[in-house]
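Dear colleague,

Please find below the structure that I am handing over to you, together with its sequence. My findings follow directly after it.

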Amino acid sequence: AVALRIMPAMEDIAAGRVSVTDLRPVDVADLLGRDPVPPVADLLTRNIARQSIMVTGAGGSVGSELVRQVLQHGPARLVLLDVSEAALYEIHSEVLDRIRRMPAEAARPVVVPVLGSVLDSPLLGRTIDRHEIDVIYHAAAYKHVPMVEDNIAVGIANNTLGTWTMAEAARTHGVKRMVLISTDKAVRPTNVMGASKRLA
């Protein structure tokens, strides 16, 4: 492993506030390119606590972090949907381990892994009905730009039509709220992946 450090800003060095040797670890905020927007805890709790939550793309890089965040806010049920068996197994195992380590008095959610695609409308409908889903966090998407550029039809089908299918299932089956988790690449897309997310 390589340890990375960040140097102070040149204006701080020139002003004498810090020296060149004042290195610090790189923080995620350093890479963001903008000021971070902190989550509103009350809003998160209101939309998660004691509710039945489904996270699509639960095993992916974005979805798995979302699952970890949701878990902290006390859902009654947490449904993990992913098309990848390996990714679903990994996040399901991690969630079960986190639940085992919760304090004895903590409310433990029911955790349900669902293997399938957001393009499978009957599966989505059955899952929503069976688990009485209140809120869907839709993170299922192909996000790696070069991969989507090389597989345009599949990328558009999954990212755009998958979102449409998920939204239709949510509406048809009475889900209270669906949140599309996207990337900043959708703001001014310069590639197919960004365009597919913008369209979604």
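Two strands are taken to pair if DSSP finds at least two bridges between them. In this predicted model, Leu78 stands opposite Val111 in S5 on that basis. The pairing of S4 with S5 is parallel and comprises six bridges.

The sheet

These two strands belong to an open sheet of five strands, ordered S5-S4-S3-S6-S7, in which the pairing is parallel. At its edges lie S5 (110–115) and S7 (177–180), each of which pairs on one side only. On average, and with direction ignored, neighbouring strands of this sheet are turned by 15° against each other. Helix H5 packs on the sheet, where it touches S4 and S5, and the direction of H5 makes about 175° with that of S5. S4, H5 and S5 form a right-handed β-α-β unit. A right-handed β-α-β unit is also made by S3, helix H4 (residues 61–71) and S4.

Strand S3 and its partners

S3 pairs with S4 (residues 77–82) in the parallel sense over five bridges.

- Ile53 has Leu78 as its bridge partner in S4.
- Met54 has Val79 as its bridge partner in S4.
- Val55 has Leu80 as its bridge partner in S4.

S3 is also joined to S6 (residues 135–138) by four bridges, and these two strands run parallel. Here the bridge partner of Met54 is Ile136.

How far is S3 enclosed by the rest of the structure? Five of the five residues of S3 (residues 52–56) are buried, so the strand is largely enclosed. In a regular strand the side chains alternate between the two faces of the sheet. In S3, both faces are covered: Ser52, Met54 and Thr56 are buried on one side, and Ile53 and Val55 are buried on the other. S4 is mostly covered, with five of its six residues buried.

The nonpolar cores

The largest nonpolar core contains 20 residues, and those with the most contacts inside it are Ile53, Val55, Val67, Leu78, Leu80, Val95 and Tyr137. At least two residues of this core come from each of S3, H4, S4, H5 (85–100) and S6. There is also a second, separate core of 16 residues, which includes Leu81, Val114, Leu123 and Ala169.

Ile53 deserves a separate entry. Leaving out residues up to four places away in sequence, Ile53 touches Asn47, Ile48, Val70, Pro75, Arg77, Leu78, Val79, Ile133, Val135 and Tyr137. Among these contacts is Leu78, which is also the bridge partner of Ile53 in S4.

Leu23

Finally, I draw your attention to a loop residue. Leu23 is placed in the loop between helix H1 (10–14) and strand S2 (24–25). Is Leu23 buried or partly exposed? The relative accessibility of Leu23 is 48%, so this residue counts as partly exposed. When neighbours within four places in sequence are set aside, Leu23 is in contact with Arg5, Ile6 and Met7. Leu23 and Leu4 are 19 residues apart in sequence, and the distance between their C-alpha atoms is 9.4 Å.

With kind regards

How values were computed. Residues numbered from 1 in each chain as written. Predicted model: local features only at pLDDT ≥ 70, side-chain atom pairs only at ≥ 80, totals over all residues. Heavy atoms only, no water. Buried < 20%, exposed > 50% of the residue type's maximum accessible area, 1.4 Å probe, protein only. Right-handed = clockwise from strand over helix to strand, strands pointing away. Contact = heavy atoms within 4.5 Å. Core = buried A, V, L, I, M, F, W, Y, C linked by side-chain atoms within 4.5 Å. Axes fitted to C-alpha atoms, helices over the stretch in contact; angles between N-to-C directions.
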